[in-house]
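Please look over the sequence and the structure below before reading on. The report that follows takes the strands and their pairing in turn, and then turns to the helix.

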Amino acid sequence: MKHLKLIVNNEIKNNSNNYFIKKELKLILNLYAQMVSQGYCKDYGLSIGPTGISFDIYKRSSEKPIIKILKNLKYKNINEKYLVIDKNGLTLKKSENLKLLINQLNWFKLKIVS
């Protein structure tokens with residue numbers, strides 16, 4: 001966490017941003033709030049790496065994340081900018097638009113394998 005920054009009112013000024021912008025984080029946190037209210041998850045975390053930033057959703061805080069929403073910083077195809085990754089590391093869905101990605105995937109019908 002030594003390189004974690006809080007940036008307020010950040011808008012896209014260039015394509016080299018290595019953080020979630022306010023609009024992206026709002027979409028993700030709204031989804032997370034729905035998942036918590038349904039009893040689907042109880043905790044979250046942010047992971048920052050050289051290839052991307054991920055919002056990790058946990059069923060219990062002592063386990064591996066059940067779902068990761070990844071903002072890929074080093075994508076080759078434009079449709080790999082945002083990824084949804086399951087507990088086993090498999091890519092469930094990928095898109096260039098985070099809003100479409102969140103709206104298209106039926107989050108509450110995903111089968112979680114423990």
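## The sheet and its order

In this predicted model, five strands form an open sheet in the order β1-β2-β3-β4-β5, and their pairing is antiparallel. The edges of the sheet are taken by β1, which covers residues 43-48, and by β5, which covers residues 91-95, each of them pairing on one side only. On average, and with direction ignored, neighbouring strands of this sheet are turned by 15° against each other.

## Pairing around β3

Strand β3 is joined to β2 by six bridges, with the two strands running antiparallel, and within this pairing Ile53 has Lys71 of β3 as its bridge partner. Five bridges join β3 to β4, again in the antiparallel sense, and here Lys68 stands opposite Ile85 in β4.

Of the six residues of β3, five are buried, so that the strand is mostly covered. As a general point, the side chains of a regular strand alternate between the two faces of the sheet.

Strand β4, made up of residues 82-86, pairs with β5 over four bridges in the antiparallel sense. One of the residue pairs that can be found in the display is that of Tyr82, whose bridge partner in β5 is Ser95.

## The helix across the strands

Helix α1, which spans residues 22-37, lies across β1, β2, β3 and β4. With β2 at residues 52-58 and β3 at residues 67-72, the helix runs at about 15° to β2.

Key: Residues numbered from 1 in each chain as written. Predicted model: local features only at pLDDT ≥ 70, side-chain atom pairs only at ≥ 80, totals over all residues. Heavy atoms only, no water. Pairing = 2+ DSSP bridges. Axes fitted to C-alpha atoms, helices over the stretch in contact; angles between N-to-C directions. Contact = heavy atoms within 4.5 Å. Buried < 20%, exposed > 50% of the residue type's maximum accessible area, 1.4 Å probe, protein only.
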